[in-house]
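Here is a short briefing to read alongside the model. Have the viewer open and follow along topic by topic.

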Amino acid sequence: MILTHDHILEEMEKKNILIEPLTSNDQIGPASIDIHLGNLFRRFKTRKAALPVREDTNFKEITDYVEIGKDDHLTLEPGEMILGITWEKITLSESIAGWIEGRSRFARLGLAVHITSGFIQPGIANHQVLEIANLSPAPLALYPGVRICQIVFERCEGTARYKGLFQGQDKP
């Protein structure tokens, strides 16, 4: 069941949903919370050889870490994909899960904010990595602090806690 505005507020009051920092109450929409783009990225290195899609492939070996100033921007070329991260840390109780979704205003520019794996596990406590792709024919300038995506929340039947590889991440 998707949580609407009032239920999101109730769960935040109970500390079942924590968004840190929540800079403005107008981030909370009818059934989601807008989340800002951070200033940390991983840009893929140019290469001709095929990337192996295996459990032991390490994305850090094929990307460069990029940090930009809060007033600067990163240009994303047509067809390019980068890894970004949310400004906010998202913490969910064991009974709440979520989904990262793009915002239609940016999708209409050709920006895909989370191309796959948008599910946020219950019991998570981290900044969410965004798989950002430019599907437009023009370069796009990405600015830290822009409300780039939204999270939709739902109740779980039962409880669970994420204990995977990316628990606690704060960099892409």
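The notes below go through a helix, a core, an aromatic pair and a strand.

This is a predicted model, in which local features need pLDDT of at least 70 and side-chain atom pairs count only at pLDDT 80 or more, while totals for chains, interfaces and linings use all residues. Residues are numbered from 1 along each chain as its sequence is written, and side-chain values use heavy atoms, with hydrogens and water left out. Helices (H or I, at least four residues) and strands (E, at least two) are DSSP runs, numbered from the N terminus.

**Helix 1**

- Helix 1 spans residues 5-13, and its buried residues are I8, E11 and M12; buried means under 20% relative accessible area, exposed over 50% and partly exposed in between, with a 1.4 Å probe and protein chains only.
- Those buried residues line one face of the helix, because they fall within an arc of 100° when seen down its axis (the arc is that of the directions from the helix axis to the C-beta atoms).
- D6 and E13 are exposed on the other side of helix 1.
- The cover over the buried residues includes strand 1 (17-20), strand 2 (33-36), strand 7 (96-102) and strand 12 (147-155), where contact means heavy atoms within 4.5 Å.
- After helix 1 comes K15, with a positive phi near 70°.

**The largest nonpolar core**

- This core has 32 residues, of which L111, L142 and F153 touch the most other members; a nonpolar core is a set of buried Ala, Val, Leu, Ile, Met, Phe, Trp, Tyr and Cys residues joined through side-chain atoms within 4.5 Å.
- Strand 12 gives the most to the core, with four residues.
- Beyond its neighbours within four places in sequence, F153 has contacts that include M1, I8, I33 and I96.

**The aromatic pair**

- One aromatic pair turns up in a search of the whole structure; rings of Phe, Tyr and Trp (its six-membered ring) pair if their centres lie within 6.5 Å, and planes under 30 degrees apart count as stacked, over 60 as edge-to-face and the rest as tilted.
- The pair is W99 with F119, and it is tilted because the ring planes stand at 55°, with centres 4.8 Å apart.
- W99 belongs to strand 7 and F119 to strand 9 (residues 119-120), so the pair ties together parts 20 residues apart in sequence.
- W99 is partly exposed at 36% relative accessible area, and F119 is partly exposed at 32%.

**Strand 2**

- Strand 2 is covered on both faces, with I33 and I35 buried on one side and D34 and H36 buried on the other.
- Strand 2 and strand 12 run antiparallel and are joined by four bridges; two strands pair if DSSP finds at least two bridges between them.
- Opposite H36 stands R147 in strand 12.
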